[in-house]
Amino acid sequence: MANKSVWSDNRFWQRSATWVTGFAAILLIWLTFDTSAQISMGTDKDIQNKVTKRVPGPTVINYKITYERSPKRGLEVPIIGGNDGKGNSLFQEKEKFFGRDDWSEKEARAMLHLGKLGSQAKNCMDCHTLLGNGAYYAPDLTKSWLDPMWEDGTMQAIIGGTLGKELSKEEAMAEFLQHPELYPTHARQMPNLGITKKEAIGIVAFLKQMSSIDTNGFPRNFGKMKGAINGK
Ligand code: HEC
């Protein structure tokens, strides 16, 4: 009995299992609260107070959003309303969204809600990826608002040219969503999903807000963008 090894002692293993299980349970509870705090949406007050939230509040649609390299983090982050030169948002530069840059929190929230329901009802994830969920049949939508194709005016020119009028980015995107079959730009074509004008406006708001979410530099397909890693 005296020279029995600790490794063959049942009680040692029982105690170890209890400690490991207990520690893992506490860690999981802590991670759950930490994740909830990280992913809960900010408010208009946060934006007014220039507080950067991982998921900015609905009124972020009133601001100019860019995707720029943060020297500190070594990856691209959404910059809202201008860059302080160190990769932090200034929350200053506004941008008209469907003719206004003063959408209230309530109005913006209602638009985002409609856009989110629309994206679920029409199952965009069948073909696209949103925040890591979905398919790669069609382009990733997580940062589609910032896609160079829309940023540099290519899509506005194609769609506006067809309609014979000048369109802002959000107007062009809403038009594309309602009649994608008229504007093929890709080897694959998006089908007409019967999206109404109101739904399209909501979906564009949803896409704009999604592009403002700090996703730790994911996805990394913005090499063409000015200021991005590998950018020209
Ligand atoms: C049946 C597959 C399919 C479904 C469902 C679908 N799309 Fe698409 N979508 C595509 C394809 C294919 C393209 C690329 C076509 C092109 O660029 O001309 C595309 C392109 C786009 C683009 C332009 C991409 C970019 O990076 O600029 C946007 C925005 C878009 N879709 C939004 C949506 C939204 C929002 C939904 C849901 C309401 C949706 N799509 C549902 C297939 C789909």
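**Overall fold and helix packing of the predicted chain**

Of the 232 residues of the protein chain, 29% count as buried, a residue being buried if 20 or more other C-beta atoms lie within 10 Å of its own, exposed if 12 or fewer, and partly exposed in between, with C-beta atoms placed from the backbone. The model is predicted: local features need pLDDT of at least 70 and side-chain atom pairs count only at pLDDT 80 or more, whereas totals for chains, interfaces and linings use all residues. Residues are numbered from 1 along each chain as its sequence is written.

The protein chain contains seven helices and four strands, where helices (H or I, at least four residues) and strands (E, at least two) are DSSP runs numbered from the N terminus. Along the sequence these elements follow the pattern α-α-β-β-α-β-β-α-α-α-α. The radius of gyration of the protein chain is 23 Å, whereas a compact globule of 232 residues would have a value near 17 Å; the radius is taken over C-alpha atoms, and the globule rule is 2.2 Å times the number of residues to the power 0.38. Taken along the principal axes, the C-alpha atoms fill a box of roughly 95 × 40 × 40 Å. Among contacts with a separation of 6 or more, 51% are accounted for by residues 24 or more positions apart, two residues being in contact if their C-beta atoms, placed from the backbone, lie within 7 Å.

Two packed helices are described by the angle between their axes and the distance between the axes. The axes of helix α5 (residues 154-163) and α6 come within 9 Å and cross at roughly 60°; axes are lines fitted to C-alpha atoms, for helices over the stretch in contact, and angles run from 0 to 180 degrees between N-to-C directions. Helix α5 is therefore oblique to α6, since angles under 35 degrees count as roughly parallel, over 145 as roughly antiparallel, 65 to 115 as roughly perpendicular and the rest as oblique. Met155, Gln156, Ile159 and Gly160 of α5 make the contact with Lys169, Ala172, Glu175 and Phe176 of α6. These residues divide into four nonpolar, two polar and two charged, where Ala, Val, Leu, Ile, Met, Phe, Trp, Tyr, Cys and Pro count as nonpolar, Asp, Glu, Lys and Arg as charged, and the others, Gly among them, as polar.

Helix α6 (residues 169-178) also packs with helix α7 (residues 197-211), their axes coming within 9 Å and crossing at roughly 125°. Helix α6 is therefore oblique to α7, and α6 passes α7 in a right-handed crossing. The contact is made by Glu170, Met173, Ala174, Leu177 and Gln178 of α6 and by Lys197, Ala200, Ile201, Ile203 and Val204 of α7. Seven of the residues in the contact of α6 with α7 are nonpolar, one is polar and two are charged.

Gln178, found in helix α6, is partly exposed, with 17 other C-beta atoms within 10 Å. Leaving aside neighbours within four places in sequence, Gln178 is in contact with Ile195, Lys197 and Ala200. The C-alpha atoms of Gln178 and Met125, 53 residues apart along the chain, are separated by 17 Å. Met125 lies in the loop between α3 (105-121) and β3 (129-130) and is partly exposed, with 15 other C-beta atoms within 10 Å.

Notes
Left-handed = near helix turned anticlockwise from the far one by under 90°.
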